[in-house]
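Here is a short briefing on one structure. It covers helix packing, a surface patch and charge pairing.

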Amino acid sequence: CNYDNTTAVSNGTLAIILIGVLAGIVGYGLAIVTSATSILGMPELLCGLALASQLIQMYLSSTFRAIHYFRIANLLSITQPLFFNTQIFIAVAINQEFSTRVVLIWYALSALLSVFVHALILFAKGLINVSAINVRIIRGLFEFGLRAQFGNILKEVMYRADLYLVIVTGK
């Protein structure tokens, strides 16, 4: 299937947002169930948002590379570290003490800001168009992604099983 950049980016972006939201919900649920947030002192919702925004940011960064916008992709690759380090620099400059919880919150906020900047540039370049969204394409993306992920899992299991067999038969 050959699609123009706008159709591919629009549908892929919507698909990854759906996956990101699902991952965020799972992350939120895991944070509640495992009580991991009591150790980190990070709100459960922020755990979910950080996970979702990281996933979406990785896709959006890859999108710029896929459509050969390498200069933009390289510049955008520093947005999250730039936002994060700026927050730390300001806190240090004004001599504000901060905890691990605050640093984790800054990390999540920097990821969200980075996603926002990525999306803004996609819109500015005209690469996201709501009218180009097609449910059939998104369903195809999900089907391909599930098959590819199943293949990755199977490959990893076979690799581990191979090592196990070597160890067991070597004794």
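**Helix packing, surface patch and salt bridge**

Helices α1 and α3 run roughly antiparallel to each other, because their axes cross at roughly 155° and angles over 145 degrees count as roughly antiparallel. The model is predicted.

**Packing of α1 and α3**

- Helix α1 spans residues 5–34, and helix α3 spans residues 44–66.
- The two axes come within 7 Å.
- The crossing of α1 and α3 is right-handed.
- Sorted by class, the α1–α3 contact has 17 nonpolar residues, 7 polar and 1 charged.

**Nonpolar surface patch**

- A nonpolar patch sits on the surface, formed by Tyr-28, Ile-32, Val-33, Leu-45, Leu-49, Leu-109 and Leu-112.
- Together these residues have about 620 Å² of accessible area.
- Helices α1, α3 and α6 each supply at least two residues of the patch. Helix α6 covers 100–124.
- The largest share, 3 residues, comes from α1. Val-33, one of the patch residues, lies in helix α1.

**Salt bridge**

- A search of the whole structure finds 1 salt bridge.
- Arg-139 pairs with Glu-143 in a salt bridge, and the closest N and O atoms are 3.9 Å apart.
- Both Arg-139 and Glu-143 lie in helix α7, which spans residues 135–169.
- Arg-139 and Glu-143 are 4 residues apart, about one turn of the helix.

Note on methods:
Residues are numbered from 1 along each chain as its sequence is written. This is a predicted model: local features need pLDDT of at least 70, side-chain atom pairs count only at pLDDT 80 or more; totals for chains, interfaces and linings use all residues. Side-chain values use heavy atoms; hydrogens and water are left out. Axes are lines fitted to C-alpha atoms, for helices over the stretch in contact, and angles run from 0 to 180 degrees between N-to-C directions. Angles under 35 degrees count as roughly parallel, over 145 as roughly antiparallel, 65 to 115 as roughly perpendicular and the rest as oblique. A crossing is left-handed if the near helix is turned anticlockwise from the far one by less than a right angle, and right-handed if clockwise. Ala, Val, Leu, Ile, Met, Phe, Trp, Tyr, Cys and Pro count as nonpolar, Asp, Glu, Lys and Arg as charged, and the others, Gly among them, as polar. Patches are made of residues with over 30% relative accessible area and no salt bridge: like charges are joined within 9 Å, nonpolar side chains (Val, Leu, Ile, Met, Phe, Trp, Tyr) within 5 Å. Accessible areas come from the Shrake-Rupley method with a 1.4 Å probe; for residues, only the protein chains shown count as cover. A salt bridge is a side-chain nitrogen of Lys or Arg within 4 Å of a carboxyl oxygen of Asp or Glu.
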